[in-house]
Amino acid sequence: MTDTDDSLRARWRETLTRARGGAPGPDPAPYADNLLARWAEPQRRYHTTAHLAAVLGHIDTLAGHATDPDAVRLAAWFHDAVYRPDRSENEERSAALAERALPEAGVPDDVTAEVARLVRLTVTHDPADGDADGEVLCDADLAILAAPPGPYAAYAAQVREEYGFVPDEAFREGRATVLRQLLGLPRLFRTPYGAEHWESRARRNLLTESELLGH
């Protein structure tokens, strides 16, 4: 068990306890163990417990913008809980997992529904105007795009490793399409903090990666 895992277990317990609204419920530990095992699966290189911890940290930074910060935190735990690089329904399966696990863990139905909605939103990272919780989760998930050049290059390399089964040219084409879609968005980040602190650097990183791919 790593220090990161210990910290994440403590965070899970605190978040789940608050999300229950003071109601009793089962021991949070087995749920944390199940989720952490999922985040540590061998096919993952970027979508790991380190990514989960980073997203939770970014949510802390943005929490003042959220309507229900703990629903957003729970959504972070589930948003890549099901992750197979060769499958397209990861977000839907992750949301369905939240819909099964959270009621059993004592979370009210309305909070569970919000968590599942937020997880499904990570298919597009395109929250509606005024969707504060969606803006916080999507910004936190995309914050890696604004990393300094070294960590950004490491992220890009880890994504390539996750798609190691895809031939080089096909990967370059697919990745270039993703980068064009991101660069075509009017805004990558929707929260005031993200817009001020992350937008310009993220766009520089995306342009640099696109140039390196030859697209």
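This is a predicted model: local features need pLDDT of at least 70, side-chain atom pairs count only at pLDDT 80 or more; totals for chains, interfaces and linings use all residues.
Good morning, colleagues. I begin with helix H11, which covers residues 199-212. The helix has 14 residues, and from its first C-alpha to its last it reaches 20 Å, close to the 20 Å expected at 1.5 Å a residue.

Which residues of H11 are buried? They are Glu-199, Ala-202, Arg-203, Asn-205, Leu-206, Glu-209 and Ser-210. Viewed down the helix axis, these buried residues fall within an arc of 160°, so they line one face of H11.

What do the buried residues of H11 pack against? Their partners are helix H8 (149-162), helix H9 (168-183) and helix H10 (192-197). After H11 comes Gly-214, which has a positive phi, near 80°.

The largest pocket has a volume of about 1000 Å³. Its lining comprises 32 residues, and those closest to the centre are Glu-91, His-125, Tyr-163, Arg-175 and Val-178. Helix H5 (90-104), helix H7 (132-142), H8 and H9 each supply at least two residues of this lining. Which helix gives the most to the lining of the largest pocket? That is H9, with seven residues. By class, the lining of the largest pocket divides into 16 nonpolar, 10 polar and six charged residues.

The second largest pocket holds about 270 Å³ of space. Of the 14 residues that line this second pocket, the closest to its centre are Tyr-152, Ala-153, Ala-156, Glu-209 and Leu-212. H8, H9 and H11 each supply at least two residues of the lining of the second largest pocket, and H8 gives the most, with six. The classes in this lining are eight nonpolar, two polar and four charged residues.

Let me close by drawing these points together. H8 and H9 are among the helices against which the buried residues of H11 pack. Thank you for your attention.

Key. Residues are numbered from 1 along each chain as its sequence is written. Side-chain values use heavy atoms; hydrogens and water are left out. Helices (H or I, at least four residues) and strands (E, at least two) are DSSP runs, numbered from the N terminus. The expected span of a helix is 1.5 Å times one less than its number of residues. Buried means under 20% relative accessible area, exposed over 50%, partly exposed in between (1.4 Å probe, protein chains only). The arc is that of the directions from the helix axis to the C-beta atoms. Contact means heavy atoms within 4.5 Å. On a 1 Å grid over the protein atoms alone, a cavity is a set of points where a 1.4 Å probe fits but cannot get out, and a pocket is an open set with protein on both sides within 12 Å along at least five of seven lines; lining residues have an atom within 4 Å of a point. Grid points are joined across faces, edges and corners, and a volume is the space filled by probe spheres set on the points. Ala, Val, Leu, Ile, Met, Phe, Trp, Tyr, Cys and Pro count as nonpolar, Asp, Glu, Lys and Arg as charged, and the others, Gly among them, as polar.
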